[in-house]
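Hi everyone, thanks for coming.

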Amino acid sequence: MLRNTFATGIVCGLSWLVTAPAIAFPDGTAQGATDCGPCHGNTATQALIVTIDGPLQLGLGEAATYTVSIPEVGAGAALDVVVDGVALLNVLDGNTRLASEELVHVDSSVAPPTGNLGDWSYDFEVLAPDTEGVTTLTALLMQFDGDGDPTPADIWNVASLEITVPEPGTGVAGASALLTLLALVSRRRSSAG
């Protein structure tokens, strides 16, 4: 009797696997913001415009809020955001979470990302590194149509933003000092001439 129950359990379990809907990465998966494949294809849709808003320059260790968005089309959006170097991302939006140091969308165990229905914009924080250089922020956003089928109406694209972290004294204050110096030199030449 125990063997029949065990065998029935295995058969039922296998039949569930065969009949279960194909739901891939509904809660966001860190993919390096390179593509949404294999489920949504490996080719970006250039017509989908991904926008990144935020400062182009941060001071050493400074934090700033950035926003990634797509136009309000489809049912909603899913995302994967990464920064290179030693800059850090912090969650500010309840529909996002960190996975392997990448910002991804949040959801339950069903597709599409229900928390992201009607949501085309996400805020997050970038913490600049403690060393000067250029940090690249890359954001992949996917527009989904809400039918639970990963293709063909679900499309995605990528945008990047370079954030400069200058040496202390060479940022806005340094530029201001340089402009002041140039103004003084210009005045001296004018009065000498």
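Let's start at Thr67, which is found in strand β2, residues 63-69; strands here are DSSP runs of E, at least two residues long, numbered from the N terminus. Before going further, a word on the source: this is a predicted model, in which local features need pLDDT of at least 70 and side-chain atom pairs count only at pLDDT 80 or more, while totals for chains, interfaces and linings use all residues. Residues are numbered from 1 along each chain as its sequence is written, and side-chain values use heavy atoms, with hydrogens and water left out.

So, is Thr67 buried or exposed? Thr67 is buried, because its relative accessible area is 19% and buried means under 20%, using a 1.4 Å probe and protein chains only. Its side chain makes a polar contact with the side chain of Asp123, at 2.5 Å (a pair of N or O atoms within 3.5 Å, where one must be able to donate a hydrogen and the other to accept it; residues adjacent in sequence count only if both atoms are side-chain atoms). Setting aside neighbours within four places in sequence, Thr67 is in contact with Thr51, Ile52, Asp53, Ser121, Tyr122 and Asp123, contact being heavy atoms within 4.5 Å.

Now the sheet around it. β2 belongs to an open sheet of 4 strands, ordered β1-β2-β7-β4 with antiparallel pairing; two strands pair if DSSP finds at least two bridges between them. β1 (51-53) and β4 (88-91) each have a single partner strand, so one side of each is left without a neighbour in the sheet. On the β4 side, 4 bridges link β4 to β7, residues 121-127, and Asn90 stands opposite Glu125 in β7.

There is also an open sheet of 5 strands, again antiparallel, in the order β5-β6-β3-β8-β9. Its edge strands are β5 (96-99) and β9 (155-165). Between β8 (residues 133-144) and β9 there are 11 bridges, with Ala139 partnered by Ala159 in β9.

Definitions and conventions. Buried means under 20% relative accessible area, exposed over 50%, partly exposed in between (1.4 Å probe, protein chains only).
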